[in-house]
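Biologist: I would like to learn how to read a sheet and a core from a model. Please take the general idea before each case.

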Amino acid sequence: MGEITLDRWLVDVAGASTAFDCSENQSLLDAMIRAGRCGIKVGCRNGGCGVCRVRITQGRYSTGKMTRSRISEGDEAEGVVLACRVFPSSDISLEPLPLRAKGCLK
């Protein structure tokens with residue numbers, strides 16, 4: 001039997017001094033925390049608080065469920081997502097965004 005290996009991708013956070021690796025089954029936020037890096041704000045880690053809001057500027061990814069009071073469908077279509085709910089399928093470049101007031105969708 002062969003060994004199962006997961007793809008690992010490089011995550012580059014605008015304004016951070018170094019990038020970090022993230023596997024395909026790990027959220028960007030979890031990978032950053034495990035790597036001991038910073039650049040993305042950390043909140044509830046469940047997709048509800050919106051603290052880890054980022055804009056993906058390059059790369060492919062899938063997302064888990066995100067609270068629509070924090071990320072609208074329009075936001076998501078423009079690459080604005082919650083880092084705790086993003087799973088890479090290629091190298092990723094992103095920029096952290098400020099928290100949006102609850103109920104203030106674009």
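Biologist: Which residue stands opposite Val 11 in S2?

Modeller: Strands of a sheet pair through backbone hydrogen bonds, either parallel or antiparallel. Here Phe 20 in S2 is the residue facing Val 11. S1 and S2 run antiparallel and are joined by four bridges. Two strands count as paired if DSSP finds at least two bridges between them; strands are DSSP runs (E, at least two residues), helices are runs of H or I with at least four, and both are numbered from the N terminus. This is a predicted model, in which local features need pLDDT of at least 70 and side-chain atom pairs count only at pLDDT 80 or more, while totals for chains, interfaces and linings use all residues. Residues are numbered from 1 along each chain as its sequence is written, and side-chain values use heavy atoms, leaving out hydrogens and water.

Biologist: What lies between S1 and S2 in the hairpin?

Modeller: Six residues separate the two strands, and Gly 15 has a positive phi near 90°. Ser 17 is also in this loop. Ser 17 is exposed, at 75% relative accessible area (exposed means over 50%, buried under 20%, partly exposed in between, with a 1.4 Å probe and protein chains only). Its C-alpha atom is 9.0 Å from that of Arg 37, 20 residues apart along the chain.

Biologist: In which sense do S1 and S7 pair, parallel or antiparallel?

Modeller: Strand S1 (residues 8–13) pairs with strand S7 (residues 92–96) in the parallel sense, over three bridges. Asp 12 stands opposite Ser 93, and Val 13 opposite Leu 94.

Biologist: What is the strand order of the open sheet?

Modeller: The five strands are ordered S2-S1-S7-S3-S5, and the pairing is mixed. S2 (20–23) and S5 (80–82) are the edge strands; each has a single partner, so one side of each lacks a neighbour in the sheet.

Biologist: Which residues have the most contacts inside the largest nonpolar core?

Modeller: In soluble globular proteins, nonpolar side chains tend to be buried together. A nonpolar core is a set of buried Ala, Val, Leu, Ile, Met, Phe, Trp, Tyr and Cys residues joined through side-chain atoms within 4.5 Å. The largest one here has 23 residues, with Val 11, Leu 28, Ile 40 and Leu 94 making the most contacts inside it. S1, S2, helix H1 (28–34), strand S3 (53–58), S5 and S7 each supply at least two of its residues. H1 gives the largest share, four residues.

Biologist: What does Leu 28 touch?

Modeller: Not counting residues up to four places away in sequence, Leu 28 touches residues including Val 11, Phe 20, Ile 56, Ile 92 and Leu 94 (contact means heavy atoms within 4.5 Å).
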